[in-house]
Amino acid sequence: MKLARTVLAACALAVAACGTVSLPPVRVLGVKNDEAHKPTYNGLAIKSGQLVLTESPDATSYVFVLIPKKFYAFTHAAVISVEDGEPWVYDVTGEVKTFPFKKRLMDNVTGKMYRRRLFEYVAPNLYAEIYDPPAGADGEKLAAFVRQKYAEGVEFDSYFDFHDHTKLFCSELVAMAIESAGGPPTAPEPSNPNPSIVEGMKWLGVPPGEALPAGRFADPARYVGALGQFPTRTAAWSYFEAKHELHRRFTMDQRMGFLLSVDGNGRVDVRPEISAFTARAGHLFDADPNPPEPGDPRIEAAVRRLAADAFGPFPADAPAASPAAPVTAP
Amino acid sequence: MRRSFLAALLLAAAACVDVPDSVRAQFAGPGATDRSNYRPGRHGSAPPVEDPPAPKAAETAVTDAAAEPASDAAVEPAAEPPAAADAGGGVS
């Protein structure tokens with residue numbers, strides 16, 4: 001009984017501590033306004049059925065980036081539903097319990113669907129972009145699908161099984177919502193064949209060989225707006241390009257420990273030189289009077305120069321990068 | 001009360017997640033012979049660090065204790081990520 005009271009007290013303390021956490025302000029960093037995108041909310045052209053892609057500040061974001069064979073930005077996906085003029089965000093997500101009581105790591109992850117105001121939803125994240133739904137998908141139907149799943153109380157699928165829809169993970173929910181609204185189906189894609197990733201996926205118990213990254217739903221042609229803690233979209237996409245570079249360097253002979261560490265409870269952390277690299281990338285164009293827009297090859301070139309400076313050139317026999325070196329557009 | 005707290009700590013410690021040796025090995029840092037593409041430092045064929053410009057004679061003549069080497073003055077503070085460490089974004 002005393003033990004139970006102690007644990008409860010510790011939980012209460014933790015809750016109280018959470019209540020005092022102040023998050024950095026969320027800023028609108030970009031908006032697309034045209035005939036089809038009239039501002040409706042803080043300058044953003046928000047409609048039901050739009051997708052919100054976010055980038056988490058957690059170390060796990062460095063794990064997620066390595067799992068798909070191909071690089072994708074963003075760690076999480078959700079859907080907007082405008083209700084009485086207010087944009088609400090619906091997503092399904094999980095979190096590790098405070099005390100990991102179960103031996104299998106993912107058995108300690110629980111979650112459910114959430115409904116949160118747009119800015120409240122974005123606040124704990126580094127960055128978010130909003131996209132129109134894919135062609136053919138009806139936004140209202142898309143939003144109705146996630147509202148229905150929320151009403152059903154769908155649980156989070158901590159084993160990321162795309163083929164079993166009794167529980168859902170974030171991109172599975174979004175893929176199902178798009179398809180139910182008349183949009184194109186989204187199939188999982190190959191996961192990273194790197195032996196270290198294969199071993200890690202086996203340990204986690206997630207399906208081998210496939211992944212459905214949140215970034216699959218990002219399409220510059222459907223971009224609506226951006227929010228977050230970065231000062232500009234250029235800074236955000238320089239950070240993403242740094243993660244792209246980490247992915248590019250993660251060849252078959254590399255292992256997770258070159259970027260990450262793990263403690264006795266399975267908690268993953270990023271090695272300091274890796275987080276320093278991505279942080280520096282976010283500042284590459286701070287003093288540039290004419291900073292590149294996302295997708296501009298100058299971002300890739302600058303990040304590769306930074307990586308060569310931090311870790312040596314890649315491939316190892318590549319010529320030293322210089323500002324004049326030709327670059328390939330992403 | 002203190003005994004209860006210790007018991008809670010022991011319970012938490014005993015309930016550690018099973019991280020098998022094979023997985024722990026995947027999270028080991030790079031050894032001296034590992035070929036890591038993330039080893040810090042400008043090694044391999046990376047361009048050499050440029051030497052700082054030589055100080056002018058007039059500057060070297062100053063004997064003020066406050067004068068610092070030019071190379072130190074050029075060191076930038078460590079970059080910080082834009083997010084607070086305690087910000088917890090959802091990932092799934």
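Helices here are DSSP runs of H or I with at least four residues, numbered from the N terminus. In this predicted model, one such run is helix α9 of chain A, residues 297-311. A:R304 and A:E300 lie four residues apart in that helix, and therefore about one helical turn separates them. The two side chains form a salt bridge, with the closest N and O atoms 3.7 Å apart. A:E300 has a relative accessibility of 5%, so A:E300 counts as buried. A:R304, at a relative accessible area of 32%, is partly exposed. Through salt bridges with shared partners, A:E300 and A:R304 belong to one network with A:E245, A:R248 and A:R249.

Over all chains, the whole structure holds 19 salt bridges. Among them is the pair A:R233 and A:E129, whose closest N and O atoms are 2.9 Å apart. This pair links distant parts of the chain: A:R233 belongs to helix α7 (residues 233-249) and A:E129 to strand β6 (residues 127-131), 104 residues apart. Both residues are buried.

Another salt bridge joins A:R222 to A:D219, and its closest N and O atoms are separated by 3.6 Å. A:R222 has a relative accessible area of 14%, which is under the 20% cut-off, so A:R222 is buried. A:D219, at 28% relative accessibility, counts as partly exposed.

The last stop is a contact to the backbone. A:T75 sits in the loop between α2 (60-64) and β3 (76-83) of chain A. The side chain of A:T75 reaches the backbone nitrogen of A:S56 at 3.0 Å. A:T75 counts as buried because its relative accessibility is 4%.

Terms used:
Residues numbered from 1 in each chain as written. Chains lettered and ligands numbered in written order. Predicted model: local features only at pLDDT ≥ 70, side-chain atom pairs only at ≥ 80, totals over all residues. Heavy atoms only, no water. Helix = DSSP H or I, 4+ residues; strand = E, 2+ residues; numbered from the N terminus. Buried < 20%, exposed > 50% of the residue type's maximum accessible area, 1.4 Å probe, protein only. Polar contact = N/O pair within 3.5 Å; in protein donor to acceptor, adjacent residues only side chain to side chain. Salt bridge = Lys/Arg side-chain N within 4 Å of Asp/Glu carboxyl O.
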